[in-house]
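The sequence and the structure are shown first, and the description follows.

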Amino acid sequence: MLDVVIRGGQVVTPEGVGSWDVAIQGEQIVALAAPGTLTGDVGRLLDATGKLVIPGGIDPHVHTRWSLDGGKTFLGAPPGPVSRAALHGGTTTLVDFAIWQGSGTVADVIAEKEAAWRESHADYALHIMLLGTLPHEIIEQVPEAISAGFPSLKIFMTNTTPLRHGRMVDMGRIWALMQHCAR
């Protein structure tokens with residue numbers, strides 16, 4: 001038995017747009033089929049006649065509960081309401097930042113941000129953001145974070161605004177960071 005079949009819409013795929021039925025089991029699309037061919041037991045049938053059926057969008061740069069002062073003041077909403085709003089707009093995956101700001105480990109900031117995202121209504125991923133003067137032990141932790149499924153980093157190469165003062169990573173530490181990432 002299929003959980004859901006979406007029938008009658010124009011389905012957008014990487015190969016183009018066509019008339020397909022979409023079968024969903026659990027949280028996954030399990031089949032695209034010619035219209036009317038998914039005739040077995042179906043828990044829920046959705047009629048998409050006259051509509052486009054498209055994959056969810058990905059927002060690769062969101063800031064939830066963002067701190068500009070090392071955790072004393074927070075701006076923006078937490079992941080729950082942000083993800084709920086995103087889903088209403090068709091965005092199903094959000095990529096936020098786990099920010100190392102001078103204390104703790106890279107694993108600590110990832111764990112803290114992941115804990116906040118447990119209230120999410122959408123899929124999510126995290127970039128690691130490293131700020132300021134990076135101690136060697138923090139640089140050495142990055143390959144482990146990459147292996148754990150957090151392969152993207154953000155660093156500041158300049159201090160261009162008053163809000164970003166003290167966030168710049170110097171060229172020597174960028175070089176060391178890139179060497180560790182390459183491994």
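T133 touches W100, M168 and R173, leaving aside residues up to four places away in sequence; contact here means heavy atoms within 4.5 Å. The C-alpha atoms of T133 and M168 are separated by 7.6 Å, although the two residues are 35 residues apart along the chain. T133 lies in the loop between β12 and α3 and counts as exposed, at 56% relative accessibility. Buried means under 20% relative accessible area, exposed over 50%, and partly exposed in between, with a 1.4 Å probe and protein chains only.

The model is predicted: local features need pLDDT of at least 70 and side-chain atom pairs count only at pLDDT 80 or more, whereas totals for chains, interfaces and linings use all residues. Residues are numbered from 1 along each chain as its sequence is written, and side-chain values use heavy atoms, with hydrogens and water left out.

**Overall form**

The chain has four helices and 13 strands. Helices (H or I, at least four residues) and strands (E, at least two) are DSSP runs, numbered from the N terminus. The radius of gyration of the chain is 21 Å, whereas a compact globule of 183 residues would have one near 16 Å; the value is taken over C-alpha atoms, and the globule rule is 2.2 Å times the number of residues to the power 0.38. Along the principal axes, the C-alpha atoms fill a box of roughly 60 × 35 × 30 Å. Of the 183 residues, 33% count as buried. Among contacts with a separation of 6 or more, 62% come from residues 24 or more positions apart.

**Parallel strands and their crossovers**

Strand β11 (residues 91-100) runs parallel to strand β12 (residues 123-130), and eight bridges join them. Two strands pair if DSSP finds at least two bridges between them. Between β11 and β12 the chain passes through helix α2 (residues 106-117), and this β-α-β crossover is right-handed. A crossover is right-handed if, with the strands pointing away from the viewer, the path from the first strand over the helix to the second runs clockwise. Strand β13 (residues 153-155) is also parallel to β12, joined by three bridges. A right-handed β-α-β unit is made by β12, helix α3 (residues 136-147) and β13.

| Residue | Bridge partner |
|---|---|
| M129 | K154 in β13 |
| V12 | V17 in β3 |

**The open sheet**

Three strands form an open sheet of mixed pairing, in the order β3-β2-β7. Because β3 (16-19) and β7 (52-53) stand at the edges, each with a single partner strand, one side of each is left without a neighbour in the sheet. Four bridges pair strand β2 (residues 10-13) with β3 in the antiparallel sense.

**Side chains around α2 and β12**

S120 lies in the loop between α2 and β12. S120 is buried, with a relative accessible area of 18%, and its side chain reaches the backbone oxygen of A122 at 2.8 Å.

A search of the whole structure finds one aromatic pair. W117 and Y124 form this pair, which is stacked, at 5.2 Å centre to centre and 20° between the planes. Rings of Phe, Tyr and Trp (its six-membered ring) pair if their centres lie within 6.5 Å; planes under 30 degrees apart count as stacked, over 60 as edge-to-face and the rest as tilted. W117 is buried at 1% relative accessible area, while Y124 is partly exposed at 29%.

Note on methods
Polar contact = N/O pair within 3.5 Å; in protein donor to acceptor, adjacent residues only side chain to side chain.
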